[in-house]
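Come and look along while I write down what I looked up.

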Amino acid sequence: MQKDYRVKNLSVESKIIIESTGTGKIFSVEYPCTLCYIFYMENNFDLKVLVAPLLDWYVVHARRLPWRENVTPYRVWVSEIMLQQTRVETVKPYFERFMKTLPTIQDLASCEEDQLLKLWEGLGYYSRVRNMQEAAREVIDTYGGELPADFDQLISLKGIGCYTAGAIASAAFGLPVPAVDGNVLRVIMRVTADESDISRQSVRTRTEQRLQEIIPLEHARQFNQALMDLGATICLPNGEPLCDDCPWQTLCRAYQQGSWRTLPVKKKATARRSENRTILIIRDGGRVVLRKRPARGLLAGLYEFPNLVGHLSQDEAVQAVQQMNLHPLRIQRLTDAKHIFSHVEWQMTGYMVQVDSLTSEEAGLLFVEIEDAQAHYPIPSAFAAYTGYLFESL
């Protein structure tokens, strides 16, 4: 590109829009492939200019988070797994409780499954904590009970991907390895006005490679955490970014072009399917009926209230309880609720059913003291709208 022209705008799908700095004339040039676009982006914006203002900003504005205090590899690991798909404020009390109960990798490895899932109750995505326990056992068997200070070894552990390995390597061991999550992708795409689709693995890999080239050797932890904090507190995912407070304002192409609303570009996910379900809170006074879900599939191995596909009428709900060889005495309609999973949305209606004494457990059903159900049985947050009825009278 000659010096008397500048790029005004570009899109990976179509054209580079070029403006003459002398005449102001604007014209477009089609470029033949994505590789040309990538070459242009990588050679037209020097990410090195971002490092110093970012680190200066972080000194003043770093978030105070419990896992950033008393930093250990294990604490960083637990926090990063919890933070996947979960808000920071939601994670804080879970993290404190988890670390108090299971303060070491050895404690995690030896924890009984029901206790482990109970500690995770409400965070969702329970495979995360199961994978973490499996990885903890591998750490004990292979690495003497200490997380390895090596990116490749970290990423080989169950449930640890590139981002988590990078976060542990940099935050706990000071290794100059990038940690690219959605926050980081968003701020990099905006500051460079890059319209690549961030849902593509090639775009994430390219971003990791570019950040690897500029990450400061002596300040890897601060650099990665500053990128995360910038995305979480300034370059917001929903709503207008706080550009006046951003250390990159004068460098940011999205700010200059007013294009933050369209960045980052991300292919729309497949629409969730909707599923109607009827939840049954079956009690005899002091006890409630639970059942354990299968070991595989959605909410695997957790405990739930009996439920059926479809929205049942009151008479149909009574018949369903009778088919469990229980004897309904009274029934009450409960509030409708919904719960959103990654791929399905439950539209729920519910009934509380009073039955005569629960004396003999039927196949697949557990008769549990209400206090024990809340204290010891991991019931997923999908049923949160109905757990409050355990202590209400019918």
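**Entry 1: helices and strands.** I started with the terms: helices (H or I, at least four residues) and strands (E, at least two) are DSSP runs, numbered from the N terminus. Looked up that way, the protein chain shows 16 helices and 10 strands.

**Entry 2: what kind of model this is.** A note to myself before going on: this is a predicted model, in which local features need pLDDT of at least 70, side-chain atom pairs count only at pLDDT 80 or more, and totals for chains, interfaces and linings use all residues. Residues are numbered from 1 along each chain as its sequence is written, and side-chain values use heavy atoms, with hydrogens and water left out.

**Entry 3: confidence.** I checked pLDDT, the predictor's confidence in each residue, from 0 to 100. The protein chain averages 87, and 87% of the residues score at least 70.

**Entry 4: inside and outside.** I sorted residues by relative accessible area: buried is under 20%, exposed over 50%, and partly exposed in between (1.4 Å probe, protein chains only). Of the 394 residues in the protein chain, 48% are buried. I also looked at how far contacts reach: among those between residues at least 6 apart in sequence, 65% join residues at least 24 apart.

**Entry 5: cysteines.** How many disulfides does a search of the whole structure find? I used the rule that a disulfide is a pair of cysteine sulfur atoms within 2.5 Å, and the search came back with zero. For Cys243, the nearest cysteine sulfur belongs to Cys252 and is 6.4 Å away, and Cys243 is in no disulfide. I looked at Cys162 too, and its relative accessibility of 33% makes it partly exposed.

**Entry 6: salt bridges.** Side chains of opposite charge can pair when their charged atoms come close. I counted a salt bridge where a side-chain nitrogen of Lys or Arg is within 4 Å of a carboxyl oxygen of Asp or Glu, and the structure holds 14.

I followed Asp229 to Arg63, where the closest N and O atoms are 2.8 Å apart. This pair links distant parts of the chain: Asp229 is in helix α12 (residues 220–233), while Arg63 is in the loop between α2 (51–61) and α3 (73–83), 166 residues apart. Asp229 is buried at 0% relative accessible area, whereas Arg63 is partly exposed at 23%. Arg68 joins in as well, in a network of salt bridges with Arg63 and Asp229.

Next came Glu304 and Arg291, whose side chains meet in a salt bridge at 2.8 Å, N to O. Glu304 lies in strand β6 (residues 303–304) and Arg291 in strand β5 (residues 287–292), so the pair ties together parts 13 residues apart in sequence. Glu304 is buried at 4% relative accessibility, and Arg291 is partly exposed at 24%. I noted one more salt bridge, between Asp284 and Arg287, at 3.6 Å, N to O. Arg287 is partly exposed, at 21%.

**Entry 7: aromatic rings.** My rule: rings of Phe, Tyr and Trp (its six-membered ring) pair if their centres lie within 6.5 Å; planes under 30 degrees apart count as stacked, over 60 as edge-to-face and the rest as tilted. That gave eight aromatic pairs. Phe305 and Phe383 have ring centres 6.0 Å apart and planes at 90 degrees, so they are edge-to-face. Phe341 and Trp346 are edge-to-face as well, at 5.1 Å centre to centre and 70 degrees between the planes. Ring pairs link Phe305, Phe341, Trp346 and Phe383 into a cluster.

I then found Arg277 over the face of Trp346, 4.9 Å from the ring centre. The rule there asks for NZ of Lys or CZ of Arg within 6 Å of the ring centre and within 35 degrees of the ring normal.

**Entry 8: a closer look at Phe383.** Where does Phe383 lie? I found it in the loop between α15 and α16, buried at 0% relative accessible area. Not counting residues up to four places away in sequence, Phe383 touches Ile279, Leu299, Glu304, Phe305, Asn307 and Trp346. The C-alpha atoms of Phe383 and Glu304 are 7.5 Å apart, though 79 residues separate the two along the chain.

Definitions and conventions
Contact means heavy atoms within 4.5 Å.
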